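I opened the model today and went through it piece by piece. Here are my notes, in the order I looked things up.

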Amino acid sequence: MRGAGGTSGGIGLFFIGLIMMCGGFYLLFNAISVRSTFGMGMGLYSFSGWGANFTITNGMVMIPFMFGIGLVFYDAKNIIGWVLFIGALVALIFGVITSIHFSLKAMSAFDLITILVLSIGGLGLFLRSLKSF
């Protein structure tokens with residue numbers, strides 16, 4: 001009988017590693033807090049030129065987006081409409097991604113060590129079960 005992954009590795013190591021890894025990664029992802037500062041007034045891009053500072057906000061990116069959508073619906077072969085639409089869409093996606101902040105919730109050193117041992121130890125056992133003995 002073949003073991004985990006078609007190798008002669010142990011099925012027991014496979015399931016123990018899988019359970020440890022799932023539990024550890026669940027606890028790790030549960031301890032991560034995600035927040036976003038994306039809003040219509042948030043500065044998305046800023047640059048200086050001609051002796052002044054210019055800031056483009058998320059709300060300003062919606063203006064070429066609306067014009068691009070209008071031009072595409074009016075004439076689907078209009079290149080300027082497609083450029084405005086796709087460029088503004090890329091800017092909006094970039095703005096959302098750059099406004100995301102990840103932080104680890106407060107926990108004791110014991111909690112963090114337990115999470116890391118379960119996650120990384122489980123991953124090690126899982127991968128070891130796929131290797132031939």
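I started at Ser129, whose side chain reaches the backbone oxygen of Phe126 at 2.7 Å. I count a polar contact as a pair of N or O atoms within 3.5 Å; within protein, one must be able to donate a hydrogen and the other to accept it, and residues adjacent in sequence count only if both atoms are side-chain atoms. Ser129 sits in helix H4 and is buried, at a relative accessible area of 0%. My cut-offs: buried is under 20% relative accessible area, exposed is over 50%, and partly exposed is in between, with a 1.4 Å probe and protein chains only.

Ground rules before going on. This is a predicted model, where local features need pLDDT of at least 70 and side-chain atom pairs count only at pLDDT 80 or more, while totals for chains, interfaces and linings use all residues. I number residues from 1 along each chain as its sequence is written, and side-chain values use heavy atoms, with hydrogens and water left out.

**Ser119**

Next I looked at another serine of H4, Ser119; the helix covers residues 109–129. Ser119 is buried, with a relative accessible area of 1%. Its side chain reaches the backbone oxygen of Gly24 at 3.2 Å. Leaving out residues up to four places away in sequence, Ser119 touches Met20, Met21, Gly24 and Phe25; a contact here means heavy atoms within 4.5 Å.

**Helix H1**

I took the C-alpha separation of Leu18 and Leu118 and got 10.0 Å, for a pair 100 residues apart along the chain. Phe29 also lies in H1, which spans residues 11–30. Phe29 is exposed, at a relative accessible area of 58%.

Strand E1 (32–36), strand E4 (100–104) and H4 are the elements that give two or more residues to the patch. E4 has the largest share, three residues.

**Nonpolar core**

Which residues make up the largest nonpolar core? I found six: Val61, Phe65, Phe85, Ala88, Ala91 and Leu92. Helices H2 (58–74) and H3 (79–98) are the elements giving two or more residues to this core, and H3 gives the most, four residues. A core here is a set of buried Ala, Val, Leu, Ile, Met, Phe, Trp, Tyr and Cys residues joined through side-chain atoms within 4.5 Å. I also checked Ala88, which touches Val61, Pro64 and Phe65 when residues up to four places away in sequence are not counted.

**Whole chain**

Last, the overview. I have four helices and four strands, in the order α-β-β-β-α-α-β-α along the sequence. Helices are DSSP runs of H or I with at least four residues, strands are runs of E with at least two, and both are numbered from the N terminus. Of the 133 residues in the chain, 21% are buried. Among contacts with a separation of 6 or more, 63% join residues 24 or more positions apart. The chain exposes about 9200 Å², with 75% supplied by carbon and sulfur atoms; areas come from the Shrake-Rupley method with a 1.4 Å probe, and for residues only the protein chains shown count as cover.
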